[in-house]
Amino acid sequence: MLLTQPMPATSLLSQIDKEKLPQHIAIIMDGNGRWAKKRALPRVVGHEYGVKSVRTVAETAATLGVKYLTLYTFSTENWNRPALEVKAIMALLVRTIRKEVATLQKNNIRLRTIGDINGLPPDALKELKEAMELTKDNTRMDLVLALNYSARWDIVQAAKLIAGKVKDGQLKVEDIDEKVISESLNTGHLPEPELLIRTSGEYRISNFMLWELAYGEFYFTDIYWPEFDQEALYKAIIDYQKRERRFGKTSEQV
Ligand code: IPE
Ligand code: IPE
Ligand code: MG
């Protein structure tokens with residue numbers, strides 16, 4: 001076999017240590033627009049193809065045994081895009097949830113969200129709430145969509161929540177610690193992601209999980225999100241598993 005040939009997915013899978021899986025993978029799904037542009041297609045088509053990757057990645061992660069998969073789907077800042085694109089993304093969200101909820105159910109996956117979902121259009125909010133209610137008892141994996149989310153927004157709402165508790169006498173200032181802050185964030189119900197993946201060759205965090213990724217491992221790939229497939233996910237996990245997570249200690253200590 002030529003070394004330049006792509007590695008088949010099964011061979012990659014055999015390189016993954018199932019005992020050392022990240023329990024929480026977070027993904028900044030980026031590059032839909034550029035993927036479409038490369039093909040002289042409208043950006044929206046890129047978003048539509050991106051949904052295929054969401055399906056593949058969610059199924060692959062659940063099959064591997066990953067417990068939490070968080071997908072950065074729409075940021076607070078994404079409202080600044082052209083109105084037509086925003087509208088198309090929201091419509092796609094509604095259609096996708098409607099179409100995929102049965103599969104989530106069949107695969108025992110629970111749908112959750114982080115972000116200010118009350119700021120979403122009413123039909124999207126309704127669809128989301130119904131899907132979350134329907135899948136609420138599923139246990140195989142949590143699929144968490146970050147919608148109208150930004151990490152700074154989350155930190156601000158956590159600060160307000162904590163301040164309110166102090167004001168009401170439910171909490172003392174001296175008792176504010178990292179745990180209180182973590183639990184007050186929208187992500188309070190999630191373990192911190194061990195692995196953050198960003199596609200499309202961008203090397204930034206774009207206001208995503210600033211607090212939670214304090215010790216997260218970052219993996220960047222040039223692949224545009226609509227082309228991110230099972231092999232790509234396997235490669236990211238294999239790379240992650242080769243790293244030594246030191247948390248401030250020396251190599252000898254860990
Ligand atoms: C990610 O792809 C999807 C969203 C942010 C909603 P982009 O739409 O950002 O694609 P590029 O970065 O323009 O290629
Ligand atoms: C980050 O991607 C947000 C999502 C993937 C939802 P963007 O494409 O919006 O990020 P920037 O603007 O390039 O940093
Ligand atoms: Mg982008």
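This is a predicted model: local features need pLDDT of at least 70, side-chain atom pairs count only at pLDDT 80 or more; totals for chains, interfaces and linings use all residues.

Colleague: Okay, sheet first. What order do the strands come in?

Modeller: The open sheet has 6 strands, ordered β3-β4-β2-β1-β5-β6, with parallel pairing. Strands here are DSSP E runs of at least two residues, helices are H or I runs of at least four, and both are numbered from the N terminus. Two strands pair if DSSP finds at least two bridges between them.

Colleague: Which ones are the edge strands?

Modeller: β3 (109–114) and β6 (217–220), each pairing on one side only. Neighbouring strands are turned by 20 degrees against each other on average, direction ignored.

Colleague: And how many bridges between β1 and β5?

Modeller: β1 (24–28) and β5 (195–198) pair in the parallel sense over 4 bridges. I25 stands opposite L195 in β5.

Colleague: Switching to helices. At what angle do α3 and α4 pack?

Modeller: α3 (43–64) and α4 (83–106) pack at about 30 degrees, with axes 10 Å apart. Axes are lines fitted to C-alpha atoms, for helices over the stretch in contact, and angles run from 0 to 180 degrees between N-to-C directions. That angle makes α3 roughly parallel to α4; the label covers angles under 35 degrees, while over 145 is roughly antiparallel, 65 to 115 roughly perpendicular and the rest oblique.

Colleague: Which residues meet there?

Modeller: Among them, V44, V51 and R55 in α3, and A88, I89 and L92 in α4. Contact means heavy atoms within 4.5 Å. The contact's residues divide into 5 nonpolar, 3 polar and 8 charged. Nonpolar is Ala, Val, Leu, Ile, Met, Phe, Trp, Tyr, Cys and Pro, charged is Asp, Glu, Lys and Arg, and polar is the others, Gly among them.

Colleague: What about α3 with α8?

Modeller: α3 and α8 (230–241) pack at about 50 degrees, axes 9 Å apart, so α3 is oblique to α8. T56, V57, T60, A61 and L64 of α3 make the contact with Q230, L233, Y234 and I237 of α8. This contact has 6 nonpolar, 3 polar and no charged residues.

Notes:
Residues are numbered from 1 along each chain as its sequence is written. Chains are lettered from A and ligands numbered from 1 in the order in which they are written. Side-chain values use heavy atoms; hydrogens and water are left out.
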